[in-house]
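Subject: Structure handover and notes

Dear colleague,

Please find the structure below, followed by my notes on what was found in it. I have kept the cut-offs beside the terms as they come up.

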Amino acid sequence: MINKIMKKFLVLIVAILSVFSVSAQGKYGADEQKCKENLSMFREYYKQKNYDDAYNPWRWAYMNCPESSGNIFKNAPKILKAKMKADKANKSAYVDTLMMVFDDRIKYFGKEGYVLGIKGYELIGVDKSRSEEALGYLKRSIELEGNNASVQAVFGYIKAIVNLEKSGVKAKSDVIEAYSVVSEVIDYNIVNETKMAVHFVKYSEKVEKLFTPYANCDDLIALFSVKFDPATEDVNLLKRITKVLDNKKCTDSDLFFNASSRLYELEPTAASAAQMSKMSIAKGKSSNAITFAKQAIELEEDANQKAIYYLGLADAYRNGGSYASARNAVYSALELRNGWGEAYMNLGNIYIAGAKNCGSDFDKSTVYWVAVDAFRKARTDEETSDRASKSISTYSKYFPTNENCFFNGVEAGKPHNVACWINKTTTARTSD
């Protein structure tokens with residue numbers, strides 16, 4: 001009995017001495033001088049972005065005195081990713097090492113939620129095939145951190161879900177649900193202007209880019225309707241709603257109408273005025289569309305963007321049946337952007353839309369001459385060349401026939417003035 005007690009006592013003494021021995025070594029381990037030398041060495045190489053030479057002293061410090069500096073863990077990803085790139089045959093081993101480094105970072109320095117977010121983000125970056133494993137870390141990070149989750153955790157979370165959807169592991173509904181989760185964190189940080197708000201604004205665009213291919217108008221409207229409050233003061237949320245709905249061509253929805261209206265009330269910028277003009281066109285309110293388009297032009301200072309808004313004004317006039325005014329708006333755009341193909345495409349379409357106001361059937365058919373003239377100019381612009389060629393092919397078929405020209409005293413190849421609101425001289429051509 002006494003021997004057993006003595007043995008337990010000796011074990012306890014050994015354990016206590018062991019603790020004191022470790023404590024005595026301190027954060028620099030058994031060889032303080034060597035630890036400091038390796039820390040200094042790898043940090044100097046790291047600052048020079050010489051990650052290859054930083055590797056060995058970094059590794060020594062990590063293996064022998066991990067508690068000596070948080071930089072051992074903060075700098076590890078770049079150092080190890082450089083090794084993955086240089087030594088592709090052993091990439092998986094370096095990936096495993098990186099994952100172990102994150103675990104040890106939590107062990108020695110805590111902040112589990114934050115570190116798991118970085119861990120998951122880095123994992124999908126270096127090994128897409130481990131997206132499901134990464135998702136586990138990212139999900140746990142957001143659960144622990146909530147609205148304090150890092151931008152890396154937020155972006156990584158939806159990126160992992162998208163990767164898994166593409167590989168058939170997750171469904172479209174999972175992507176939509178993931179977006180709902182991360183958008184709350186994004187909104188919180190932007191609205192409350194946290195110290196990371198500027199980063200969330202930047203990453204929100206990347207998140208939207210990942211998300212928009214997975215949602216149709218009904219999905220988006222259902223998602224954003226829950227978030228939208230007619231009395232909201234959240235300008236950033238309104239911008240996100242209108243931007244996503246506009247990108248997905250969901251501008252005829254009541255949500256787009258209400259969000260655009262509220263955004264314009266809170267922030268009457270050129271962009272929000274242009275948005276209101278589009279919305280008014282969708283609602284069949286041409287007069288309002290014209291007013292808002294003019295305001296967008298007045299508020300805009302950048303010449304290229306102003307030209308875009310002039311085309312918006314042209315659309316508003318065209319939808320209201322004011323074809324001459326629409327044409328003049330395009331001319332104003334071309335004064336700002338000489339030779340712009342998109343403007344000439346718009347001009348050609350205005351001529352076609354307004355042909356119905358040009359007298360007899362023969363007179364109407366001659367309008368296609370000036371429309372095709374505009375499309376030919378659009379064809380010289382690389383960005384509109386293909387569309388212009390298709391329009392030329394399509395609308396040349398509507399030229400008057402040789403017989404119609406003869407009976408109306410018009411000769412193919414000769415100048416001809418297209419009257420009515422157009423009043424433009426062109427070359428007569430036939431469809432046969």
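**Salt bridges and the helices they join**

Lys119 forms a salt bridge with Asp103, the closest N and O atoms being 2.7 Å apart, where a salt bridge is a side-chain nitrogen of Lys or Arg within 4 Å of a carboxyl oxygen of Asp or Glu. Lys119 lies in helix α7 and Asp103 in helix α6 (residues 91–109), so the pair ties together parts that are 16 residues apart in sequence. Helices (H or I, at least four residues) and strands (E, at least two) are DSSP runs, numbered from the N terminus. Lys119 is buried at a relative accessible area of 3%, whereas Asp103 is partly exposed at 38%; buried means under 20% relative accessible area, exposed over 50%, and partly exposed in between, with a 1.4 Å probe and protein chains only.

Before going further, two notes on the source. This is a predicted model, in which local features need pLDDT of at least 70 and side-chain atom pairs count only at pLDDT 80 or more, while totals for chains, interfaces and linings use all residues. Residues are numbered from 1 along each chain as its sequence is written, and side-chain values use heavy atoms, with hydrogens and water left out.

A search of the whole structure finds 15 salt bridges, and one of them joins the side chains of Lys81 and Glu122, with an N to O distance of 2.9 Å. Since Lys81 lies in helix α5 (residues 76–86) and Glu122 in helix α7 (residues 112–126), this pair ties together parts that are 41 residues apart in sequence. Lys81 counts as partly exposed at 32% relative accessibility, and Glu122 counts as buried at 12%.

Another salt bridge brings together the side chains of Arg262 and Glu233, at 3.1 Å from N to O. The pair links distant parts of the chain, 29 residues apart, with Arg262 in helix α14 (residues 254–266) and Glu233 in the loop between α12 (217–227) and α13 (235–247). Arg262 is buried, with a relative accessible area of 13%, while Glu233 counts as exposed at 59% relative accessibility. Salt bridges that share partners also join Asp96, Arg130 and Glu133 into one network.

**Helix α7**

Helix α7 has 15 residues and reaches 21 Å from its first C-alpha to its last, close to the 21 Å expected at 1.5 Å a residue; the expected span is 1.5 Å times one less than the number of residues in the helix. Eleven of the 15 residues of α7 are buried, so this helix is largely enclosed by the rest of the structure. Among the buried residues of α7 are Gly113, Val115, Leu116, Ile118, Leu123 and Ile124, together with Lys119 and Glu122. What covers the buried residues includes α5, α6, α8 (131–145) and α9 (151–166), where contact means heavy atoms within 4.5 Å.

**Two loop residues with positive phi**

Most residues other than glycine have a negative phi. Lys49 has a phi near 60°, a positive value in a residue other than glycine; Lys49 lies in the loop between α2 (32–47) and α3 (51–64) and counts as exposed at 64% relative accessibility. Glu193 likewise has a positive phi, near 50°, and its place is in the loop between α10 (172–191) and α11 (197–211), where Glu193 is exposed, with a relative accessible area of 67%.

**The chain as a whole**

The secondary structure of the protein chain comes to 22 helices and two strands. The radius of gyration of the protein chain is 33 Å, whereas a compact globule of 432 residues would have one near 22 Å; the radius is taken over C-alpha atoms, and the globule rule is 2.2 Å times the number of residues to the power 0.38. Taken along the principal axes, the C-alpha atoms fill a box of roughly 130 × 50 × 40 Å. Buried residues make up 44% of the 432 residues, and residues 24 or more positions apart account for 60% of the contacts with a separation of 6 or more. The protein chain exposes about 23,000 Å², of which carbon and sulfur atoms supply 49%, the areas coming from the Shrake-Rupley method with a 1.4 Å probe, with only the protein chains shown counting as cover for residues.

With best regards
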